[in-house]
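This briefing is intended to be read beside the sequence and the structure. Its points are grouped by topic.

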Amino acid sequence: MATLTCPACAAQVKPGDLICFTCGANLPRGSWEDDPPAPTTVMQETLRRDEKAAAISPTVLRLAFPTGNVEVPAGTSLLLGRDPAESLVAAAFSGFENVSRRHATVTMDDAGHATVRDEHSTNGTFVNGDRVLPGTAVRLADGDQVRLAADVTGEVLLPRQEPDPATLSREGRSDVT
C-alpha cells in the first residue's frame, strides 16, 4: 500500500482524511464514481411506489358563481366564505351577508372526484336544493347547483373524464359502477 502525503506540506495523511491535520489544506478526493451509491431510504421507496400506483388527475373543478368562477385543481381543497384571512376567494362573497365567514369547503381528490362540505355555516349549503349536513361531504357532478345560504348559487362545471381503459370490457363499456 502506498503512503499518502499532503500535496501542500508533504505530511503523511490517512486514506479517509479530508484535510491535512498538519497544515489544514484540503486533500484531493477520488472521483464521485468511486463512492458507493447511497442506500435508498424508506421515503424514496414509498414515493417511487406511489408514483407508479396513481397519478394526480389533470381535472379542474369550476364553480361558476355570478360574482366569478372559482377553480379547484385535483389534489386540493378551497374554503368558500367571506373571511379574507381564511378564504382565497373571499372577495367573491364579500357582498353577501348571509354567507358565513367559513361557509363550505370544496375538495377535488387526486382522482378528480369533487365534494363539498358545509363548515357548520349559519344559513346552510345546498346541492341541487338539498341541504348538506354540517361536516358531511357530498359528491358533486357536472351540472350540479351549489348554493351558499339563500343568496349565492353556482353551477358545477366538471369536465367529463375519460374512462380508465383497465375498467373497460370488450364492448367498450365500463365494468365499474
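Leaving aside neighbours within four places in sequence, Phe93 is in contact with Phe65, Leu80, Gly81, Arg82, Val99, Leu148 and Val152. The model is a predicted one. Phe93 is also among the residues with the most contacts inside the largest nonpolar core, which has 25 residues.

**Nonpolar cores and the aromatic pair**

- Besides Phe93, the residues with the most contacts inside the largest nonpolar core are Leu61, Leu63, Phe65, Val70, Leu80 and Leu148.
- At least two residues of this core come from each of the strands β3 (60-65), β4 (68-73), β5, β6 (104-108), β7, β11 (145-148) and β12 (152-157).
- A second, separate core has 5 residues, including Cys6, Val13, Cys20 and Leu27.
- How many aromatic pairs does a search of the whole structure find? The search finds 1 aromatic pair.
- The ring centres of Phe65 and Phe93 are 5.3 Å apart and the ring planes stand at 85°, so the pair is edge-to-face.
- This pair links distant parts of the chain, since Phe65 belongs to strand β3 and Phe93 to the loop between β5 and β6, 28 residues apart.
- Both Phe65 and Phe93 are buried.

**The sheet of 4 strands**

- An open sheet of 4 strands runs in the order β5-β6-β7-β10, with antiparallel pairing.
- Its edge strands, β5 (76-80) and β10 (137-140), each pair on one side only.
- Neighbouring strands of this sheet are turned against each other by 25° on average, with direction ignored.
- Strands β6 and β7 pair in the antiparallel sense over 5 bridges, and Ala104 has Asp118 in β7 as its bridge partner.
- The hairpin of β6 and β7 has 5 residues between the strands, and Gly112 in this hairpin takes a positive phi near 90°.
- Strand β7 (residues 114-118) also pairs with β10 in the antiparallel sense, over 4 bridges.
- Strand β7 has a covered face made of Ala114, Val116 and Asp118, and an uncovered face made of Thr115 and Arg117.

- Leaving aside neighbours within four places in sequence, Thr107 is in contact with Thr76, Ser77, His113, Ala114 and Thr115.
- The C-alpha atoms of Thr107 and Gly75 are 7.7 Å apart in space, although the two residues are 32 residues apart in sequence.

**The sheet of 6 strands**

- An open sheet of 6 strands has the order β4-β3-β12-β11-β8-β9, again with antiparallel pairing.
- Strands β4 and β9 (130-131) stand at its edges with a single partner strand each, so one side of each is left without a neighbour in the sheet.
- Strand β8 (residues 125-127) pairs with β9 in the antiparallel sense over 2 bridges.
- Val127 has Asp130 in β9 as its bridge partner.

**Two buried serines in loops**

- Ser100 lies in the loop between β5 and β6, and Ser121 in the loop between β7 and β8.
- Why does Ser100 count as buried? Ser100 is buried because its relative accessible area is 12%, and buried means under 20%.
- Ser121 is likewise buried, with a relative accessible area of 8%.
- The side chain of Ser100 reaches the backbone nitrogen of Thr122 at 3.0 Å.
- Not counting residues up to four places away in sequence, Ser100 touches Gly81, Arg82, Ser121 and Thr122.
- The side chain of Ser121 makes a polar contact with the side chain of Asp118 at 2.6 Å, and also reaches the backbone nitrogen of Gly124 at 3.1 Å.
- Leaving aside neighbours within four places in sequence, Ser121 is in contact with Ser100, His103 and Arg131.
- Asp118, the side-chain partner of Ser121, lies on the covered face of β7 and is the bridge partner of Ala104.

Note on methods: Residues are numbered from 1 along each chain as its sequence is written. This is a predicted model: local features need pLDDT of at least 70, side-chain atom pairs count only at pLDDT 80 or more; totals for chains, interfaces and linings use all residues. Side-chain values use heavy atoms; hydrogens and water are left out. Two strands pair if DSSP finds at least two bridges between them. Axes are lines fitted to C-alpha atoms, for helices over the stretch in contact, and angles run from 0 to 180 degrees between N-to-C directions. A nonpolar core is a set of buried Ala, Val, Leu, Ile, Met, Phe, Trp, Tyr and Cys residues joined through side-chain atoms within 4.5 Å. Buried means under 20% relative accessible area, exposed over 50%, partly exposed in between (1.4 Å probe, protein chains only). Contact means heavy atoms within 4.5 Å. A polar contact is a pair of N or O atoms within 3.5 Å; within protein, one must be able to donate a hydrogen and the other to accept it, and residues adjacent in sequence count only if both atoms are side-chain atoms. Rings of Phe, Tyr and Trp (its six-membered ring) pair if their centres lie within 6.5 Å; planes under 30 degrees apart count as stacked, over 60 as edge-to-face and the rest as tilted.
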